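This report looks at one protein model in two parts. Please keep the sequence and the 3D view at hand while reading.

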Amino acid sequence: MNFTQMYKKTTINAIPNRPYPNPNRNPIRFLRLLRRLRRLRYRRPHILAAGLLHSLTLPLRFSLSPAMSAIKHPFQLTSSSSSRLCSLRASLLTLAVLTFLSLTYLSFTSLHSSASSSPSQLPVKLGGIEDAADDEISDVYHSPEVFRLNYAEMERKFKVYIYPDGDPNTFYQTPRKLTGKYASEGYFFQNIRESRFRTEDPDQAHLFFIPISCHKMRGKGTSYENMTIIVQNYVESLISKYPYWNRTLGADHFFVTCHDVGVRASEGLPFLIKNAIRVVCSPSYDVGFIPHKDVALPQVLQPFALPAGGNDTENRTTLGFWAGHRNSKIRVILARVWENDTELDISNNRINRATGHLVYQKRFYRTKFCICPGGSQVNSARIADSIHYGCVPVILSDYYDLPFNDIIDWKKFSVIVKERDVYQLKQILKDISDIEFIKLHKNLVQVQKHFQWNSPPIKYDAFHMVMYDLWLRHHVIKY
């Protein structure tokens, strides 16, 4: 079957008793035919190709028919056939114009559909994330485009229901304070009430927040045994009063605690540890932290005493710096091995305030690498201090699931050293070239906003990054 037969069978025959339109005699009907073919683009593309070819050649056929007749019978020319031959040039011109318009239209629709189906090829601009081709910026994130799309979806859709139960004057609903090294817990409690994510309708919620503050219990002098009982009674009361826990056995519930007492206080409820999402400042692999379920809460000592550092690499002349208590094995080794070194500024204890105003904080400004060994837990507020003051952090703590580790690549703005390599620490830092250090420092400036708490919260700050981590985890919950 040739193109003409296919066209007649599938298109023209669908319109009974309608002959082929002659574009010279009836241009309106010819344009109607082209519109009908255009509609077929979405349903029968193969028919469109045959029909379009057939329709575009119609003017030529009608114009050439008298010419071919004249060639066959040269001595039988009439005035009518002569006038038709004169219209051949006009018909060819019409064919050229129609062909040009048709091809232009098809090219435009093709470009439009390919652009709408490939959004990832468009430029991306998002706060600190610029075009994906910008290696200096996008290199900090594991996948800038995925982060951009998921973050935007989170802002539009994510809803959290806060259980209203509990006396705010005791251990529930309100934080203890917004200062000190456990301020992250207090900021989260306050931020979630000020954010767009809170909903009063539990049927709209993706996750449920259990608002019990273990840090507040500690501030009131509650013993560990009583903390466990208080947490157990509170959670069990929510389970018996509301139907939401039993839908997933608590998989869509979460609680937040920055002090390690919160981890100990929840030990009386094994199903809370196993099922619910724990947002904790001490995310250690060797004490039950589950990376794909739980969330690492950045421990931030706020308010910061001095402004943020950055873009000041020429002022950083000290190779490495650490000062603090020797309350862990790794800190004892660090102080013993490097305390008297001339290139590493290692203090065996905290810097005495009598030596000057903000001496400790000012040393961050003068140092390239700030060493952050784990203390009583794997985490340390010194990491957030280092990031804020523009000093590249050296993570010296095993089994530590770093905050936002599934979003940002810590190796792009920090140095991660295993505890057993503390004896080679100086050489490891000296092996980092100036070019590598400058790149680490620039990337560090890009992530500073992620380790800053604000009230009310602002885009991409620590609160929103924690919420983004929770948003990622809610996708694995089915009920």
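The text below covers a pocket and then a helix. The model is a predicted one.

**The largest pocket**

The largest pocket has a volume of about 940 Å³. Its lining is made up of 36 residues, and those closest to the pocket centre are Leu 301, Arg 350, Tyr 360, Arg 382 and Asp 385. The table sorts the lining of this pocket by class.

| Class of lining residue | Number in the largest pocket |
|---|---|
| Nonpolar | 13 residues |
| Polar | 16 residues |

Where does the lining come from? Domain 1 (144-299 + 467-474) and domain 2 (313-451) each give at least three residues to the lining of the largest pocket. Among helices, H15 (359-366) and H16 (382-388) each supply at least two lining residues. The largest share, three residues, comes from H15.

**Helix H10**

Helix H10 runs over residues 224-241 and has 18 residues. From its first C-alpha to its last, H10 reaches 26 Å, which is close to the 26 Å expected at 1.5 Å a residue.

Which residues of H10 are buried? They are Met 227, Thr 228, Ile 230, Val 231, Tyr 234, Val 235, Leu 238 and Ile 239. Seen down the axis of H10, these buried residues fall within an arc of 165°, so they line one face of the helix. The face of H10 turned away from this buried side carries the exposed residues Glu 225, Ser 240 and Lys 241. Here, buried means under 20% relative accessible area and exposed means over 50%.

Note on methods: Residues numbered from 1 in each chain as written. Predicted model: local features only at pLDDT ≥ 70, side-chain atom pairs only at ≥ 80, totals over all residues. Heavy atoms only, no water. 1 Å grid on protein atoms, 1.4 Å probe; cavity = no way out; pocket = protein on both sides within 12 Å on 5 of 7 lines; lining within 4 Å. Points joined across faces, edges and corners; volume = space filled by probe spheres on them. Helix = DSSP H or I, 4+ residues; strand = E, 2+ residues; numbered from the N terminus. Nonpolar A, V, L, I, M, F, W, Y, C, P; charged D, E, K, R; others polar. Domains from an automatic or database assignment. Expected span 1.5 Å × (residues − 1). Buried < 20%, exposed > 50% of the residue type's maximum accessible area, 1.4 Å probe, protein only. Arc of directions from axis to C-beta.
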